[in-house]
Amino acid sequence: MNVAIIQNGEETVAKIDGRLDTLSATELGDSLSAYTCTPQINLVLDCSGLEYISSAGLRILLMLHKSIVSKKGKFILRHLNPEVKSVFDMTGFSQILTLE
């Protein structure tokens with residue numbers, strides 16, 4: 001998995017490509033940990049290149065969401081492909097996380 005972080009106006013955009021599984025979930029958490037400490041951050045994950053997500057990937061996204069929201073920030077996932085979106089729908093994560 002690759003992560004590229006770009007500041008885009010008031011949003012911090014992290015573009016993720018590849019598979020978000022047990023091994024890469026820790027990598028993603030480490031890459032974004034500094035941003036979870038920032039109050040009122042608007043962190044957007046651009047998931048247009050995300051091919052697969054495992055339960056470990058879902059767990060790290062939930063942890064990021066909780067950390068950011070607790071500091072009055074916004075955590076948004078954008079551009080999910082249909083296969084990955086179906087995982088969010090089946091697990092109920094579509095109701096918890098903000099998907100655009």
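The largest nonpolar core has 25 residues, and those touching the most other members are Leu-28, Leu-45, Leu-61, Phe-75, Leu-77 and Phe-88. Such a core is a set of buried Ala, Val, Leu, Ile, Met, Phe, Trp, Tyr and Cys residues joined through side-chain atoms within 4.5 Å; buried means under 20% relative accessible area with a 1.4 Å probe, protein chains only. At least two core residues come from each of strand S2 (11-20), helix H1 (22-36), strand S3 (42-53), helix H2 (55-70), strand S4 (74-78) and helix H3 (82-91). H2 gives the largest share, six residues.

The model is predicted: local features need pLDDT of at least 70, side-chain atom pairs count only at pLDDT 80 or more, and totals for chains, interfaces and linings use all residues. Residues are numbered from 1 along each chain as its sequence is written, and side-chain values use heavy atoms, without hydrogens and water.

**Fold**
- The protein chain has four helices and five strands, taken as DSSP runs (H or I, at least four residues; E, at least two) numbered from the N terminus.
- Their order along the sequence is β-β-α-β-α-β-α-α-β.

**Contacts**
- Of the contacts (heavy atoms within 4.5 Å) between residues at least 6 apart in sequence, 68% join residues at least 24 apart.

**Dimensions and burial**
- The C-alpha trace spans about 30 × 25 × 20 Å along its principal axes.
- Buried residues make up 44% of the 100 residues.

Methods: Buried means under 20% relative accessible area, exposed over 50%, partly exposed in between (1.4 Å probe, protein chains only).
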